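Dear colleague,

Please find below the structure that I am handing over to you. My notes on it follow directly after.

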Amino acid sequence: MDEFSSLADDFYVNMNLNTEMPLPQQRETILSFFERIQKTYPTMRNFYTRDTGDFVLEEDKEHNTYRWISIEPRRVCSGYVNPPNRELAMDQHKLVLELIPYMLSVSPMDCEALDFMLGFDFNYKGNHDALVAEALGTSSALDGMVDFPDARVINYEPAITISLDDSCRLQARLMIETRTSAYHVRRDDFPEEQISVYFTTRKYGSLEPGTTFDDTLDVLRERNDHLLKKFVIDEVLNPLKSTISTK
């Protein structure tokens with residue numbers, strides 16, 4: 001399995017391309033695109049339309065690992081849950097990016113933003129927000145609130161976005177999503193849900209002349225891996241995993 005798979009209960013590699021103009025919605029265009037995807041990945045047999053009008057093609061979810069691709073009004077998404085290695089996910093994402101200029105009429109000029117995202121889910125039956133605060137700590141300015149008598153943390157979802165170039169068009173975002181509500185805390189009854197950590201590198205705006213979607217995705221993946229290994233694993237993922245193991 002991929003070296004990152006041991007960091008959490010579930011691990012996934014996603015690519016999102018947001019467009020400035022609406023994507024084609026014609027039946028023939030959508031089906032032709034997914035049929036071409038299916039030629040490369042024949043196990044992607046489940047095709048359906050969400051209530052929102054999004055089109056989805058995916059593998060069976062009963063397995064621990066599966067692929068999925070979706071087309072929204074102004075976004076194309078590709079994901080691989082628990083991939084054996086990240087290169088397989090990259091191959092899938094690059095196939096999508098290679099096909100969309102010809103099959104969905106998406107030009108590099110039409111790029112509003114291109115994302116490369118790694119996600120990590122931790123199963124935990126308890127107060128997610130309190131656990132995140134314990135594992136990652138709070139700033140000295142906020143410690144006093146947590147120390148109030150009878151205080152219980154009911155919302156703590158740290159997030160930060162940084163620029164990676166002078167133009168601020170290349171960015172990295174770390175976000176933690178918890179799934180505990182005040183109702184759960186009040187009743188002291190917690191279902192087993194997942195704490196999610198999303199780490200995304202994003203390129204805003206049209207691509208430079210001569211630059212392809214593939215080239216840009218490689219840059220985003222490289223920056224993502226570097227920052228993940230330099231900071232996110234040791235300062236976020238491992239503390240969460242360690243704290244959960246003590247409960």
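Ser-105 sits in the loop between helix 2 and strand 6 (111-125); helices (H or I, at least four residues) and strands (E, at least two) are DSSP runs, numbered from the N terminus. Although Ser-105 is not a glycine, its phi is positive, at about 60°. Most residues other than glycine have a negative phi. Ser-105 counts as exposed because its relative accessibility is 60% (buried means under 20% relative accessible area, exposed over 50%, and partly exposed in between, with a 1.4 Å probe and protein chains only).

Please note that this is a predicted model, in which local features need pLDDT of at least 70 and side-chain atom pairs count only at pLDDT 80 or more, while totals for chains, interfaces and linings use all residues. Residues are numbered from 1 along each chain as its sequence is written, and side-chain values use heavy atoms, with hydrogens and water left out.

Asp-188 also has a positive phi, of about 55°, and is not a glycine. Asp-188 belongs to the loop between helix 5 (182-187) and strand 9 (192-204), and with a relative accessibility of 53% Asp-188 counts as exposed.

A further loop residue is Ser-167, found between strand 7 (159-163) and strand 8 (170-177). Ser-167 is partly exposed because its relative accessible area is 45%. Its side chain makes a polar contact with the side chain of Asp-165, at 3.0 Å (a pair of N or O atoms within 3.5 Å; within protein, one must be able to donate a hydrogen and the other to accept it, and residues adjacent in sequence count only if both atoms are side-chain atoms).

I turn now to helix packing. Helix 2 (residues 86-103) and helix 6 (residues 213-245) pack at an angle of about 150°, with their axes 9 Å apart; axes are lines fitted to C-alpha atoms, for helices over the stretch in contact, and angles run from 0 to 180 degrees between N-to-C directions. Helix 2 and helix 6 are therefore roughly antiparallel to each other (angles under 35 degrees count as roughly parallel, over 145 as roughly antiparallel, 65 to 115 as roughly perpendicular and the rest as oblique).

Helix 1 (residues 27-40) and helix 2 likewise pack at an angle of about 150°, and their axes are 11 Å apart. Helix 1 and helix 2 are therefore roughly antiparallel as well.

Yours sincerely
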